[in-house]
Amino acid sequence: MGDHHHGPATGVTRWLFTTNHKDIGTMYLWFSFAMFLLGGFFAMVIRAELFQPGMQLVEPAFFNQMTTLHGLVMVFGAIMPSFVGLANWLIPMMIGAPDMALPRMNNWSFWILPPAFLMLASTLFMEGGAPAFGWTFYAPLSTTYAPPSVTFFIFAIHILGVSSIMGSINIIATVMNMRAPGMTYMKMPMFVWTWLITAFLLVAVMPVLAGAVTMMLMDIHFGTSFFSAAGGGDPVLFQHIFWFFGHPEVYIIILPAFGVVSQIIPAFSRKPLFGYASMVYATASIAFLSFVVWAHHMYTVGMPVAGELFFMYATMLIAVPTGVKVFNWISTMWRGSLSFETPMLFSIGFLVLFTLGGFTGLMLSIAPADFQYHDTYFVVAHFHYVMVAGAVFSMTAAVYYWLPKWCGRMYSESMGKIHFWISFIGFNITFFPQHFVGLAGMPRRIPDYALQFADFNMMSSIGAFIYGASQLLFLYNVIATIVSGERVSDEKVWDGAEGLEWTVPTPAPYHTFEEPPLVSKPAGTF
Amino acid sequence: MASVRLSKVPAIDTALKLSGVAVVMFAFVFVVMVPLYNVLCDVLGINGKTAGSAYTAVPVMIDESREVTVQFVAIKNNEMPWGFSPDERIMRVHPGAANGTIFRATNPTTAPMVAQAIPSISPSRAAPYFHKTECFCFEQQGLAGLAAADMPLQFIVDQDLPRDIHTITLSYTLFDVTDAVTDQVATR
């Protein structure tokens, strides 16, 4: 925070040594997109194998490696870092801060990520192959029966856990300590609120994940028996610990997505967000409830009936604050002056499809019914509706919405709309049939299936190729925008956009808000 | 410049507190979650776990009015080469009465081996009412190469067993712990 202005350094050292929140945000976003393509490639291998019944392209062992790495790369490499990148770019600009609270730690949080994923991906070339026990890495599959590369997997999880924890500490410190005068908590934009709550979740549960993999490491190499029945441990304990992390984790993924659509829907409805305060409380309630529902992922392990009932009702309770949010978004659009630019299309797509995924979640929450759905493609369909149509659609909306602010150039609206419709249609062709095959009993994570599932699986695969290809169009559109997009210079790129980030020049200068602005209006007022 | 920001607390203080939270949560997994899980399993019989040490019998009335079927299942984990089977597959017992049976184990290999049997009760609701006064599962069992042994089990079904439970299945899974035991000996 010197008194003199200076631009970015030049060459590769700019990126290696940068402490600028915008540079780091950019690196996070590009890194996560690279991981998105890598994880997407794994998904294409899976869908190609499942195109027809019988063994087609890959060995079953390799198929298992693909499902495992697809899940890990998408969750930890694509979705989570993409929202951290968004937080880096936007939170300081939204609360009127010059940068993140701890810029050097910020640099470190990013730069330990690529080695972690390099290590994870390198397991593909190791003897015995990559981890093949599913992204949930249940013991004893991930301990007694794991390939030797599991140790590299554990170390990769440790590193990305440290990265996430440092990133979230930074976000909390920024939000709590760096707000401009007048920016009280209840005036903060929803995106900042959702990220603040997400960051608390991350600080609380990433260490739990680290603990779980540490126990695996000790079981494998140091003769302990946390998860080994022979030594007095219990494999079910692993599932409890994993899901104690894993359930808050799914909200870690979706809450920032809620924040993004809470910014975009008001902008293109030209109305303030309906029920701002209830949105804040709903987010906090979801975060709180996420700690007491983990065992709904493991109804079939043989829990006492009282346990099944508790976790069933607690899970259903989450539908209440989530419903509050969905109705608030709809009410925001109600009688608004709507226009349907690409970010709005993706946000509405999010709203419709995420709600669908929420309903299948409710179906899965019913303990007696879950015994039928457990580990079938119905579950796969459910979580892709909330993860892809939820998190990825909202992330895509965010890129279209803020890209003109970031680079001072407008993306191609027609290409954006084509991208949306191909994504929307491709996504539904991929995942809607999976509900049916799941209900009919097709198990997940198996490279072959019974003949009656053949038609729906072929549809699914075709949809997946369409959806996958549409992401290349997205990549092209973003690059074309940065290189040769039409220049925009309005501070407010969108006439309905509200918030401090739209008060700085376009493109956003390297340093913003070195003098804090004075905030008087509540968030999202018109 | 920091003075004109809304907050008067330095960011580093917030960051240090949060790092503390992360460290506490990491420790929480080991010092709270694992012991708590084991205690809950012992108390509630979750997963059909039974007590790991001998039950001290209290003299009680034998409930002659009802009979409970106890089934024994013997499973060998993974590639455990031993022969392992119950002497009787089914016993009919009165709640409150002391019963005994044996499991037969043979080591068909020429090398000495050590095994550990892990019990599990089904339905798990019955686990707190199944008391073992003597069990080969309390300790590791060693067998010399080509040796055989009769391994004893003494148990009492509690007379407070819910009346709707008529059958209890006691399953033992036999694990080969030879490597783990020899590793421990080697490091000592």
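This report describes selected backbone features, the domains and the chain contacts of a predicted model.

## Cis peptide bonds in chain A

Two peptide bonds in chain A are described here. The bond that runs from Ala139(A) to Pro140(A) is cis, and its omega is near 5 degrees. Pro140(A) sits in a loop of chain A, with helix 5 (113-122) on one side and helix 6 (150-177) on the other.

Thr506(A) and Pro507(A) are likewise joined by a cis peptide bond, for which omega is about -10 degrees. Pro507(A) belongs to the segment that follows strand 2 (486-487) of chain A.

## Positive phi values in chain A

Asp375(A) is a residue other than glycine with a positive phi, near 55 degrees. Its place is the loop that links helix 13 (367-373) to helix 14 (377-407) of chain A. Asp375(A) has 15 C-beta neighbours inside 10 Å and therefore counts as partly exposed; a residue is called exposed at 12 or fewer such neighbours and buried at 20 or more.

Phe513(A), also a residue other than glycine, has a positive phi near 55 degrees.

## Domains of chain B

Chain B is divided into two parts: domain 1 covers residues 9-44, and domain 2 covers residues 49-187. Taken over C-alpha atoms, the centres of domain 1 and domain 2 of chain B are 36 Å apart.

## Contacts between chains A and B

The two chains touch through 31 residues of chain B and 34 residues of chain A. On the side of chain B that touches chain A, at least two residues come from each of helix 1 (11-44), strand 5 (113-122), strand 9 (167-176) and helix 2 (178-187). Of the elements of chain B, helix 1 gives the most to this side, with 15 residues.

By residue type, the side of chain B that touches chain A consists of 22 nonpolar, seven polar and two charged residues.

Terms used:
Residues numbered from 1 in each chain as written. Chains lettered and ligands numbered in written order. Predicted model: local features only at pLDDT ≥ 70, side-chain atom pairs only at ≥ 80, totals over all residues. Helix = DSSP H or I, 4+ residues; strand = E, 2+ residues; numbered from the N terminus. Domains from an automatic or database assignment. Contact = placed C-beta atoms within 7 Å. Nonpolar A, V, L, I, M, F, W, Y, C, P; charged D, E, K, R; others polar.
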